[in-house]
Amino acid sequence: MTSLLRAWMAGLLTCLCLGASAQDYTQRQLQGLVSRHLTAESLKPEITDQGNVRFRNQGRIFVIHLDERDPLYFRLTMAFAVDDKGAEARVRHLEGCNAASTDVKVIKCYLDEDGDPVFAAEMFLVVPEDFSLAFDRLLRAMDSAFRRYNRRVAEGR
């Protein structure tokens, strides 16, 4: 029983140490980590006024949101402005978001306060570097959700 308790305590201490080390990332370090990965993927990162990292892919603008207070939280968004913001168009955009969110794993779509669609993927990481393991798949999922959204909006016309 004593060895089992020691093993459990060692595991708990390891988890606590990992959590504490994740808190040691500054905003600048997180920006560098993300920017290096995007550059390696031939994407051109830029730092926004809010300290996030923005890049273009397939003609769309994506943002990786960074927060040094919670470096294990990863959020990737892609948003765009729609021209028609009338009541009927809003219903079509909501239906498109519902279809995208329902049909594509991990991706959420919603309308922001201006009525524009926002696609988002969120996850908790073990260490901040882990975002790179899922990054390509998240981009593919985001693209799939965007296509599903567009099909649904076109069907509503």
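How much accessible surface does the chain have, and what share of it belongs to carbon and sulfur atoms? The total comes to about 9700 Å², and 54% of that belongs to carbon and sulfur atoms. Areas come from the Shrake-Rupley method with a 1.4 Å probe; for residues, only the protein chains shown count as cover.

This is a predicted model: local features need pLDDT of at least 70, side-chain atom pairs count only at pLDDT 80 or more, and totals for chains, interfaces and linings use all residues. Residues are numbered from 1 along each chain as its sequence is written, and side-chain values use heavy atoms, with hydrogens and water left out.

**Stop 1: the whole chain**

Show the cartoon. The chain has 4 helices and 6 strands. These are DSSP runs (helices H or I, at least four residues; strands E, at least two), numbered from the N terminus. Trace the sequence and the pattern reads α-α-β-β-β-β-α-β-β-α. Of the 157 residues, 39% count as buried. Buried means under 20% relative accessible area, exposed over 50%, and partly exposed in between (1.4 Å probe, protein chains only). Take the contacts (heavy atoms within 4.5 Å). Among those between residues at least 6 apart in sequence, 56% join residues at least 24 apart.

**Stop 2: the disulfide**

Select C97 and C109. A disulfide joins them, with S to S at 2.3 Å. The cut-off is a pair of cysteine sulfur atoms within 2.5 Å. C97 sits in helix α3 (residues 87-103) and C109 in strand β5 (residues 107-111), 12 residues apart. Both C97 and C109 are buried. A search of the whole structure finds 1 disulfide.

**Stop 3: the aromatic rings**

Next, show Phe, Tyr and Trp. Rings (for Trp, the six-membered one) pair if their centres lie within 6.5 Å; planes under 30 degrees apart count as stacked, over 60 as edge-to-face and the rest as tilted. The count comes to 10 aromatic pairs.

Select F55 and F135. Their pair is tilted: 5.8 Å centre to centre, 55° between the planes. F55 lies in strand β2 (residues 53-57) and F135 in helix α4 (residues 131-155), so the pair ties together parts 80 residues apart in sequence. F55 is buried at 1% relative accessibility, and F135 is buried at 0%.

Move to F80 and F119. This pair is stacked, at 6.3 Å centre to centre and 20° between the planes. F80 is in the loop between β4 (73-79) and α3, while F119 is in strand β6 (residues 117-124), 39 residues apart. F80 is partly exposed at 25%, whereas F119 is buried at 0%.

Last, select F55, F62, F74, F131 and F135 together. They form one aromatic cluster.
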